[in-house]
Amino acid sequence: QKRMDAQQALDHRWLKDGKQASTHNLFEGNAMAMSRNTPPNPDSPKEVEAEPMEGEGAGMKDIFADYQLDRQLDRATSNINRLRETFGLPSDSERLGKFKCAYSGQAGILHVTTYHLCFLGAKARKMTIPYGDITTVGMQAKKGGLKALLPFAAPAISLNVGLKNNGSATFTGIVEKDACLKTIVAAAKERGVTLG
């Protein structure tokens, strides 16, 4: 079958009648929110509400950003050998969990491995923290932000990792907060480190 040029595509019967073309901005909100705010059209085909992708309220812009981040970071950490090579991990190190987050405002992925916490940012920022250097780990509500403007809004929660040198590392935007915290605590316990 011959490929259409741009004008033929615009003149196609699917676009000509205007009944099936969406008028929604795909880059705002999620599909469910848009379909709830749109009165049903008896002439249009039945619409099926899609589950939001990548967390509550994710719009197309967020989905594309997640895809781009995954694509960039997957090259360096797609399998355990690449992860070991990227962070200089021991040969018997295994990945126990992988969580999207941000560190110092840079989007990336926090890898929980057998011996270390490893962060790889989208701009090639790397950080490795051995469990022996961690003194505390816990979730912390961020002060200010949206909560300061809207008292009914849920507070932003971040993962705070206290270090022996009195420093700390704070990871924000973790969707699977509980799973991340449990994975880190269990991995540290396996290494003989009790976290407060």
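These are my notes from a look through a predicted model.

**Ground rules.** I'm working from a prediction, where local features need pLDDT of at least 70, side-chain atom pairs count only at pLDDT 80 or more, and totals for chains, interfaces and linings use all residues. Residues are numbered from 1 along each chain as its sequence is written, and side-chain values use heavy atoms, with hydrogens and water left out.

**Overview.** I looked up the elements and got seven helices and seven strands, taken as DSSP runs numbered from the N terminus (helices H or I, at least four residues; strands E, at least two). Their order from the N terminus is α-α-α-α-α-β-β-β-β-β-α-β-β-α. Of the 196 residues, 29% count as buried, meaning under 20% relative accessible area, with exposed over 50% and partly exposed in between (1.4 Å probe, protein chains only).

**Helix α5.** Next I checked residues 80-87, where Ile-80, Leu-83, Arg-84, Thr-86 and Phe-87 are buried. Down the axis of α5 these fall within an arc of 165°, so they line one face of the helix; the arc is that of the directions from the helix axis to the C-beta atoms. Just after α5, I find Gly-88 with a positive phi of about 65°.

**Gln-106.** I then went to strand β2 (residues 106-113), which holds Gln-106. Gln-106 is buried, at a relative accessible area of 15%. Setting aside neighbours within four places in sequence, I list its contacts (heavy atoms within 4.5 Å) as Cys-101, Phe-119, Gly-121, Ala-122, Lys-123, Ala-124 and Arg-125.

**Leu-15.** Last, I looked at helix α2 (residues 13-16), where Leu-15 sits. Leu-15 is partly exposed, at 45% relative accessibility.
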